[in-house]
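Subject: Handover of a structure and its findings

Dear colleague,

Please find the structure below, followed by a description of what was found in it. I would be grateful if you read the text with the structure open beside it.

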Amino acid sequence: MAQIEQSDKGGKKKKGAQKKMSIHVDFTPMVDMNMLLITFFMLCTTMIKSQTVQIILPAKPNEKHEKVTQVNKDLVMTLILDTEYDENGKPKTDPETGHTLHTIYYYEGVPDSVNANIGNKQVYKGAVAMETYKANADGKPQGIRSILRRRNEMVMDKYDALKERYANKEIKEDEFNAQALEIAKDTLNLPATIILKAGPNTTYENVINAFDELQLNQIRKYSFEHLDATDTLLLRNYEKANGVQVIRDNVRKNS
């Protein structure tokens, strides 16, 4: 509270002289009020959860007891991530959306390292196809999202049915998460296995986008690997078949 004190300084006062007063303001109650307000807002405010990508890492193998699980080659798909750059070494952007232009080259199965074919058949022209990230249209997935859904179709069909039950409040959140995990792990649903490979010119944004697409399509089996000689040969075949340049030197420049 404020206090007003008169100062006499112990001397004689002259006739008609004005009294000097000193004002002292006690801020202790204001500090107490501020602390109460801070405590109130901390208790009533919902904390913002950090936006992170959940990556499931494999457990450390036990050489004595753990057996290596063989992956069904027909369920494997490889995504090769790339980013488009302009003549100044800067990532290109879509003039309409402002988003960076990323490209995904993909092929299915495990390629023959000699002939660079998928087994004994040529699945796509040049063995490699190209897609981009696109938003859903009329509620249906587009771009690489639709390709990944097709590869994980049985899992996604059951997941969508489970999601509808959860939306109708037939099951609780804990039950939903547990059953969704079982659907993704059940080998009878033919869950897809994705191999991600980042090209020398891709950006971290492209990698994060790829992980997001895996999460949206409930793909729990994936690995992140380096490009090898077979991938280079497949991309060379794609260049010849489509008359475009895919393999480039590192064109990125420091900002």
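The lining of the largest cavity is formed by Leu79, Leu81, Ile104, Tyr133, Ile144, Leu148, Ala210 and Glu213. A cavity is a set of points, on a 1 Å grid over the protein atoms alone, where a 1.4 Å probe fits but cannot get out, while a pocket is an open set with protein on both sides within 12 Å along at least five of seven lines; lining residues have an atom within 4 Å of a point. This cavity has a volume of about 30 Å³, a volume being the space filled by probe spheres set on the points, with grid points joined across faces, edges and corners. The count is one cavity of 30 Å³ or more. At least two lining residues each come from β3 (76-83), α2 and α5. By class, seven residues of this lining are nonpolar, none is polar and one is charged. Here Ala, Val, Leu, Ile, Met, Phe, Trp, Tyr, Cys and Pro count as nonpolar, Asp, Glu, Lys and Arg as charged, and the others, Gly among them, as polar.

Please note that this is a predicted model, in which local features need pLDDT of at least 70, side-chain atom pairs count only at pLDDT 80 or more, and totals for chains, interfaces and linings use all residues. Residues are numbered from 1 along each chain as its sequence is written, and side-chain values use heavy atoms, with hydrogens and water left out.

The protein chain contains six helices and seven strands; helices (H or I, at least four residues) and strands (E, at least two) are DSSP runs, numbered from the N terminus. Their order from the N terminus is β-β-α-β-β-β-α-α-α-β-α-β-α. Of the 255 residues of the chain, 29% count as buried, where buried means under 20% relative accessible area, exposed over 50%, and partly exposed in between (1.4 Å probe, protein chains only).

The second largest pocket has a volume of about 460 Å³. It is lined by 16 residues, and the closest to its centre are His99, Thr100, Tyr133, Lys134 and Asn209. Helix α5 (residues 204-216) supplies the largest share of this lining, with five residues. Four residues of the lining are nonpolar, six are polar and six are charged.

Two residues deserve attention for their backbone angles. Most residues other than glycine have a negative phi. Aspartate 138, which is not a glycine, has a positive phi of about 55° and sits in the loop between β5 (129-131) and α2 (143-151). Because its relative accessibility is 79%, aspartate 138 counts as exposed. Glutamine 218, also not a glycine, has a positive phi of about 55° and lies in the loop between α5 and β7 (221-225). Is glutamine 218 buried or exposed? Glutamine 218 is buried, because its relative accessible area is 10%.

Finally, lysine 158 belongs to helix α3 (residues 153-167). Lysine 158 is partly exposed, because its relative accessible area is 42%. Lysine 158 and isoleucine 183 are 25 residues apart in sequence, and their C-alpha atoms are 7.2 Å apart in space.

Yours sincerely
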